[in-house]
Amino acid sequence: MSSPAFTKAQEESKKLTSKPTNEELLELYGLFKVGNGEDFSKAEKPGMFDLKGKYKYQAWKDLVDEGISAEAAQERYVAKVEELKTKYGFDANKEPEAVKS
């Protein structure tokens, strides 16, 4: 179950005024997947030419291999979003951009 802080951080992550680095985005992705309790064993491995998918898959796998709990992943996600808000700026009134797959 998602904590209210985790849910709020998900919304706030879409209202940063500048885009985080790819590494930071991958960290958020992995923490989000684990924090949501998604089952990594059921994830399809990306194809050979899907580089973006491979990086996302690996970010998720690294956290699963670390043995982090969903609760700890949610806490780390919230802390990371707070860090990114300070680093990149935050606008509570910003309309979130459409997420590209």
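## Salt bridges and helix packing

K85 and E12 form a salt bridge in which the closest N and O atoms are 2.9 Å apart. The two partners come from distant parts of the chain: K85 sits in helix α4 (residues 70-88) and E12 in helix α1 (residues 4-13), 73 residues apart. Both K85 and E12 are buried. The model described here is predicted.

### Salt bridges

How many salt bridges does the structure hold? The structure holds 11 salt bridges. Side chains of opposite charge can pair when their charged atoms come close.

| Pair | N to O distance |
|---|---|
| K85 and E12 | 2.9 Å |
| R76 and E66 | 2.5 Å |
| K80 and E83 | 3.1 Å |

The salt bridge between R76 and E66 also links distant parts of the chain, with R76 in helix α4 and E66 in helix α3, 10 residues apart. R76 has a relative accessibility of 33% and therefore counts as partly exposed. E66 is partly exposed too, with a relative accessible area of 48%.

K80 and E83 are three residues apart in helix α4, so about one helical turn separates them. An α-helix has 3.6 residues a turn, so residues three or four places apart point the same way. K80 has a relative accessible area of 10% and is buried, whereas E83, at 40% relative accessibility, counts as partly exposed. Elsewhere, salt bridges that share partners join K8, E12, E82 and K85 into one network.

### Helix α1 against helix α4

The axes of α1 and α4 are 9 Å apart, and the two helices pack at an angle of about 35°. Their crossing is left-handed. On the α1 side the contact involves A5, F6, A9, Q10, E12 and S13, which meet Q74, Y77, V78, V81, E82 and K85 in α4. Sorted by class, the contact of α1 with α4 has six nonpolar, three polar and three charged residues.

Which residues of α1 are buried? They are F6, A9, Q10 and E12. What covers these buried residues includes α2 and α4.

S13 lies in helix α1. Leaving aside residues up to four places away in sequence, S13 touches Y77 and V81. S13 and E95 are 82 residues apart in sequence, while their C-alpha atoms are 11 Å apart in space.

### Helix α2 against helix α3

Helix α2 (residues 22-35) packs with helix α3 (residues 51-66) at an angle of about 55°, and their axes are 8 Å apart. The helices α2 and α3 are therefore oblique to each other. The crossing of α2 and α3 is right-handed. From α2, the residues L26, E27, Y29, G30, L31, K33 and V34 make the contact, and from α3 the residues Y55, K56, A59, W60, L63 and V64. Nine nonpolar, one polar and three charged residues make up the contact of α2 with α3.

A59 is found in helix α3. With a relative accessible area of 15%, A59 is buried. Not counting residues up to four places away in sequence, A59 touches L26 and G30. A59 and V34 are 25 residues apart in sequence and 10 Å apart in space, C-alpha to C-alpha.

### Helix α2 against helix α4

How do the axes of α2 and α4 cross, and at what angle? They come within 8 Å and cross at roughly 150°. Angles over 145 degrees count as roughly antiparallel, and α2 is therefore roughly antiparallel to α4. The crossing of α2 past α4 is left-handed. The residues of α2 in this contact are E24, E27, L28, L31, F32, V34 and G35, and those of α4 are A70, A73, Q74, R76, Y77, K80, V81, L84, K87 and Y88. By class, the contact of α2 with α4 has 10 nonpolar, two polar and five charged residues.

Terms used
Residues are numbered from 1 along each chain as its sequence is written. This is a predicted model: local features need pLDDT of at least 70, side-chain atom pairs count only at pLDDT 80 or more; totals for chains, interfaces and linings use all residues. Side-chain values use heavy atoms; hydrogens and water are left out. Axes are lines fitted to C-alpha atoms, for helices over the stretch in contact, and angles run from 0 to 180 degrees between N-to-C directions. Helices (H or I, at least four residues) and strands (E, at least two) are DSSP runs, numbered from the N terminus. Angles under 35 degrees count as roughly parallel, over 145 as roughly antiparallel, 65 to 115 as roughly perpendicular and the rest as oblique. A crossing is left-handed if the near helix is turned anticlockwise from the far one by less than a right angle, and right-handed if clockwise. Contact means heavy atoms within 4.5 Å. Ala, Val, Leu, Ile, Met, Phe, Trp, Tyr, Cys and Pro count as nonpolar, Asp, Glu, Lys and Arg as charged, and the others, Gly among them, as polar. A salt bridge is a side-chain nitrogen of Lys or Arg within 4 Å of a carboxyl oxygen of Asp or Glu. Buried means under 20% relative accessible area, exposed over 50%, partly exposed in between (1.4 Å probe, protein chains only).
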